Amino acid sequence: MACSRQSRGFWSAICLAAGGLMGWGSLLPVGHAADPQPPPVVYGVDNRQEVYSLRGADARNAAGTVALVRESSIKPNGDGSFRLVAPTLGSAYDLCPGERFRTQPTAAFCSGFLAAKNIVVTAGHCVGPISLASARFVFGYRVLASGAVQTRIPASAIYRGVRLLADQEGAADFAVIRLDRNVTSQTPLPFRRTSALALNSAIYVIGYPSGLPEKVAAGARILASNRDFFTANLDTFGGNSGSPVFDAASDTVVGVLVRGATDYVRRGGCWVPNVLPNSSGSEESTRTTRIAPFVPLGG
């Protein structure tokens, strides 16, 4: 569901799987002819939901998921807090009237998760040695129970990446990033370090589809697997790149979303989500077993 590594980093002007084209004014819908490799899709029913109703381990997992936001999309409020500035989904992707989430902002270009107290994991194509300097890692970008979108973010919830600990190319697409300081408000998410999850295992994903506020999408299963990644029918979109994928039985991270099928298709003069049979699925996630050697235990 994400860009290929040939379109490395959000500096690429055609990397829609990383959440949009370079600069909001030039955004095109995913699946536009300019895309070198289009991102994901809906399988069967669209399972994306807001995260405010999650409880227990699910709520912990949502709290430990982080939005990657361009520095230029974060503006000071003058009181020590910041606001996220971005177009709505409807305007950014030219969605048809009535489509879900079309009035919500699209501030994130990728997703990630807190793997240790000062380490974030995301997709490798989301950041690179140059683009890392302009990325910010933002916790708490979500829809609240009141229905309001939390775009006012305290400075304490915004982090910089200071070092790439790992930056993998190829089938196992991932990046491990050290932050500028420890994250004390969230708990690092447990992730699978050894052995593959069995085929047909139930999984879910938390992230920022198309740059939207945080969403959870359940109801998916692993359809195929190899040593680098597994394939599933997750309802994921550009901006979900780097999202943690969880084993539904243990609520542990088992993958990092990196690739998939086309997100949106044209209907007349506007765009709608691409809907495919639930029995199919081409969303690929790097297995956390490939990432584990780069994240210290107890780090």
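# Briefing: Cross-links, Salt Bridges, Cores and Strands

The torsion about the S-S bond of cysteine 96 and cysteine 270 is about 100°, so this disulfide is right-handed. Cysteine 96 lies in the loop between helix H2 (89-93) and strand S6 (108-116), while cysteine 270 belongs to strand S18 (residues 270-273), so the pair ties together parts that are 174 residues apart in sequence. The model described here is predicted. The points below treat its disulfides, salt bridges, nonpolar cores and strand pairing in turn.

**Disulfides**

- A search of the whole structure finds 2 disulfides.
- In the disulfide between cysteine 96 and cysteine 270, the S to S distance is 1.9 Å. Both cysteine 96 and cysteine 270 are buried.
- Cysteine 110 and cysteine 126 are also joined by a disulfide, with an S to S distance of 2.0 Å. The torsion about the S-S bond of cysteine 110 and cysteine 126 is about -80°, so the disulfide is left-handed.
- This pair links distant parts of the chain, 16 residues apart: cysteine 110 sits in strand S6, and cysteine 126 in the loop between strand S7 (119-122) and strand S8 (135-138).
- Are cysteine 110 and cysteine 126 buried or exposed? Cysteine 110 has a relative accessible area of 0% and is buried. Cysteine 126 is likewise buried, with a relative accessible area of 0%.

**Salt bridges**

- Side chains of opposite charge can pair when their charged atoms come close. The structure holds 8 salt bridges.
- One of them pairs arginine 136 with glutamate 71, whose closest N and O atoms are 3.1 Å apart. Arginine 136 lies in strand S8 and glutamate 71 in the loop between strand S3 (65-70) and strand S4 (74-76), so the pair ties together parts that are 65 residues apart in sequence.
- The two partners have the following accessibilities: arginine 136 counts as buried at 12% relative accessibility, whereas glutamate 71, at 41%, is partly exposed.
- Glutamate 284 forms a salt bridge with arginine 259, and their closest N and O atoms are 2.5 Å apart. Because glutamate 284 lies in strand S20 (residues 283-287) and arginine 259 in strand S16 (residues 253-259), the pair ties together parts that are 25 residues apart in sequence. Arginine 259 counts as buried, with 13% relative accessibility.

**Aspartate 228 and its surroundings**

- Aspartate 228 lies in the loop between strand S13 (215-225) and strand S14 (229-232).
- Aspartate 228 forms a salt bridge with arginine 227, the closest N and O atoms being 3.5 Å apart. A network of salt bridges links Arg227, Asp228 and Arg290.
- Not counting residues up to four places away in sequence, aspartate 228 touches Ala171, Ala172, Ser285, Thr286, Arg287 and Arg290.

**Nonpolar cores**

- In soluble globular proteins, nonpolar side chains tend to be buried together.
- The largest nonpolar core has 31 residues, of which Leu68, Leu84, Val127, Phe137, Phe139, Tyr141 and Leu179 touch the most other members.
- At least two residues of this core come from each of S3, S6, S8, strand S10 (158-168) and strand S11 (174-179).

**Strand pairing**

- Strands of a sheet pair through backbone hydrogen bonds, either parallel or antiparallel.
- Strand S5 (residues 81-84) and S9 run antiparallel and are joined by 3 bridges. Phenylalanine 82 stands opposite isoleucine 153 in S9.
- Strand S17 (residues 264-267) and S18 also run antiparallel, joined by 4 bridges. The bridge partner of arginine 266 is tryptophan 271 in S18.
- How many residues lie between the strands in the hairpin of S17 and S18? There are 2 residues between them, and in this hairpin glycine 268 takes a positive phi near 65°.

Technical notes. Residues numbered from 1 in each chain as written. Predicted model: local features only at pLDDT ≥ 70, side-chain atom pairs only at ≥ 80, totals over all residues. Heavy atoms only, no water. Disulfide = S-S within 2.5 Å. Buried < 20%, exposed > 50% of the residue type's maximum accessible area, 1.4 Å probe, protein only. Salt bridge = Lys/Arg side-chain N within 4 Å of Asp/Glu carboxyl O. Contact = heavy atoms within 4.5 Å. Pairing = 2+ DSSP bridges. Core = buried A, V, L, I, M, F, W, Y, C linked by side-chain atoms within 4.5 Å.
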